[in-house]
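Biologist: Hello! Could you help me learn to read a protein model?

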Amino acid sequence: MAAKTWILTGSLDNFRATREHDFRVIGMKERRRNLAQQIEPGDRIVFYVTGVQAFGGMIEVRGEMYEDRTKIWPGKPGNPDPYPWRFETEPLLVLDQEQFVPARELVADLEHARKWPAEYWTLAFQGQLRSVSDSDAILLEERIRSASETRAAA
């Protein structure tokens with residue numbers, strides 16, 4: 001079975017907390033267990049960062065799902081979630097905030113985002129987790145890689 005690419009929606013604070021752990025672990029919300037069980041080693045996860053509405057990087061899943069409720073991510077104020085369904089991961093392409101790829105630049109080309117009317121494109125990234133098509137995965141990786149290479153050249 002071919003590896004999947006997933007988009008993980010989270011806050012900038014959660015992205016920063018993941019960075020503090022060197023992008024070596026990722027967690028899914030309590031209520032996302034059924035989706036998390038579909039993630040397998042070799043799958044890739046693209047970070048969609050809310051608030052700034054941009055893609056911040058890509059990691060690869062390196063291990064099977066396990067349960068751990070140790071606090072890593074701050075989550076939403078007043079509605080904490082332990083993100084207990086976790087995976088060992090490896091960073092592939094991680095951007096600094098000023099290099100994030102604005103989602104607005106990609107929505108017209110992403111099959112996933114075209115399911116919604118153009119003026120409501122942000123609905124494509126509601127909910128924590130979703131898999132995307134191979135063509136969307138290629139586009140996301142190309143754009144994130146390009147942003148990463150732009151930084152390296154500067």
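Biologist: Which residues lie nearest the centre of the largest pocket?

Modeller: A word on the model before that: it is predicted, so local features need pLDDT of at least 70 and side-chain atom pairs count only at pLDDT 80 or more, while totals for chains, interfaces and linings use all residues. Residues are numbered from 1 along each chain as its sequence is written, and side-chain values use heavy atoms, leaving out hydrogens and water. Now the general idea: rolling a probe the size of a water molecule over the atoms shows where empty space is left. On a 1 Å grid over the protein atoms alone, a pocket is an open set of points where a 1.4 Å probe fits, with protein on both sides within 12 Å along at least five of seven lines; lining residues have an atom within 4 Å of a point. Here, T9, G10, S11, K29 and T50 lie nearest the centre, among 29 lining residues.

Biologist: And how do I read a core?

Modeller: In soluble globular proteins, nonpolar side chains tend to be buried together. A nonpolar core is a set of buried Ala, Val, Leu, Ile, Met, Phe, Trp, Tyr and Cys residues joined through side-chain atoms within 4.5 Å; buried means under 20% relative accessible area, with a 1.4 Å probe and protein chains only. The largest core has 42 residues, of which M28, F55 and F125 touch the most other members. A second, separate core of five residues includes A17, V25, W73 and Y83.

Biologist: Is I39 buried or exposed?

Modeller: I39 counts as buried because its relative accessibility is 3%. I39 touches W6, M28, V61, F87 and L129, leaving aside residues up to four places away in sequence; contact means heavy atoms within 4.5 Å.

Methods: Buried means under 20% relative accessible area, exposed over 50%, partly exposed in between (1.4 Å probe, protein chains only).
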